[in-house]
Amino acid sequence: MQHTSGARPLDPTDQAPAGTVLLRGGFVHSPADPFATAMVVDGGTVAWVGSEGAADSFADGVDTVVHLDGALVTPAFTDAHVHTTATGLALTGLDLTGVGSLAEALARTAAHAAARPGDRVLLGHGWDETGWPERRPPSRTELDRATGGRPLYLTRTDVHSAAVSTALLDLVPGIADQPGHHPSGPLTRDAHHAVRRAAYDAVTPAQRAAAQRAALRHAASHGIGAVHECGGPEISSEDDLTALLALDDPGPRVFGYWAQPADTCADLDRLRDLGAIGAGGDLFVDGSLGSHTACLHTPYADSPTTGTSYLDAETIARHLTLCTSAGVQAGFHAIGDAAVAAVVAGVRAAADAVGLDRVRALRHRVEHAEMMTEETIAAFAEFGLVASVQPAFDAAWGGEDGMYARRLGADRARTLNPFAAMTRAGVPLVLGSDSPVTPLDPWGAVRAAAFHRTPEHRISARAAFNAHTRGGWRAIGRDDAGILVPGAPADYAVWSVGDLVVQTPDERVARWSTDPRSGTPGLPDLTPGGDLPTALRTVVAGRTVFARPIG
């Protein structure tokens, strides 16, 4: 990209709005003009979108002209489910994502412990035994040996269980009596939550701020302009959320959710004091499939358990009724079919108590919503529930030989994450990563939704892209953002791309069309195996929060 008309060099540390900016000579993804090649930004707002010929009339009247040289401009992505501090700690610490064996995981753990002699508690993330030849998690004895007897907290990839060392258990009195404790293996449920609190209590405010900055800068480098932070007493802390929302570091916008059941109006007052915009996020109704804690109607295929239920329909209804009466958006974490059914029953009871229209108006959310049925899909549409989904889950664990099939059997696994059926029913989808569970990778998420491992669940790239941009704003009650039209916030990303195409998941028609007569704004070719777009610049409210170095 080139800059003229008095422009300063592109500097990611320069956060001031650049007055009026004309971007031209590229492709602008906008419903206002599917053939747009130029855009004018005035301070923090999109002022105009249109063609190259019309851009000439603006060139002499703006402060800066950016020559795109064929780059693509899109709305900045919103990642609707993030754990910012945990993401930063994974980026800057021990990350076992993708490690191929238990032996390698233990070797990396030992090397990390040796390299961090001053850490009060060693923190790590990302192990997944389902892909290891040993087919088992690390034992406590093995972790004690790898760490030299130091405290270690090592979360599984889904963050719903953790392998820990004996020294960490010693910091938690009474841990052996907590539900979910195991004498030698990973901890789940209350025992896991207790050791997580002890581990994160050892993180200093400076370490936390550094992790949060690392995560937000990483997000910006992937064209993400906003994140929905999913905090709560079982997964982070009040100090963690308030520090993140107060962080003096220009970057993506952060919208916080706090996952604590509300029993009284005072609970909602506390929510507002924390700066949260909703009483939801990871308000756990159940756990995860990988850790055998997602709550099912029938047992797992590889274990006699049906998982764990943390909240019943009555508690869900009480939370929703109180939130709806107070005009507060609520939400829940629900993965298994029994958990999703409990949410639907609770929402139905709340609607009976306060009225369907009031429930629908607040766009209450359900995070993950993986094991859906025709009945629960219809209920989501009826109650206006937003499904906050993670297509990368299917890319990582779907398919005939994936973790889902091992946990549930192939037939049940094929029903997971039915994005197409949900979209046809009118269920609003919003996309996220659940980082650090899966990486901050919005184009990867769009690809995963468009090329779902189960073909009948695929949605168009355009639908997935909209769910990852405008959908994230609609999920927080904003219908005026996440698109590039005059009057919208100037939150956008500039991408290096190849050909732009229009994708449809229906095999009966051409999968790809570049016919301009379609009048549909094109998107990058996301065919699996090809390169994904590279972010050149991310802008939030007219301020550059990321710029890729040249050369």
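**Exercise 1.** Determine whether Trp397 and Tyr404 are buried or exposed, and classify their ring pair.

*Solution.* Trp397 and Tyr404 are both buried, where buried means under 20% relative accessible area, exposed over 50% and partly exposed in between (1.4 Å probe, protein chains only). The model is a predicted one, in which local features need pLDDT of at least 70, side-chain atom pairs count only at pLDDT 80 or more, and totals for chains, interfaces and linings use all residues. Residues are numbered from 1 along each chain as its sequence is written, and side-chain values use heavy atoms, with hydrogens and water left out.

Next, consider the rings. Rings of Phe, Tyr and Trp (its six-membered ring) pair if their centres lie within 6.5 Å; planes under 30 degrees apart count as stacked, over 60 as edge-to-face and the rest as tilted. The structure holds twelve such aromatic pairs. For Trp397 and Tyr404, the centres are 6.2 Å apart and the planes stand at 70 degrees, so this pair is edge-to-face.

**Exercise 2.** Classify the aromatic pair of Trp443 and Phe465, and locate both residues in the chain.

*Solution.* The centre-to-centre distance is 5.6 Å and the angle between the planes is 20 degrees; the pair is stacked. Trp443 belongs to helix H18 (residues 442-450) and Phe465 to helix H19 (residues 461-468), so the pair links parts of the chain 22 residues apart, helices being DSSP runs (H or I) of at least four residues, numbered from the N terminus. Trp443 counts as buried because its relative accessibility is 2%; Phe465, at 1%, is also buried.

Notes:
Helix = DSSP H or I, 4+ residues; strand = E, 2+ residues; numbered from the N terminus.
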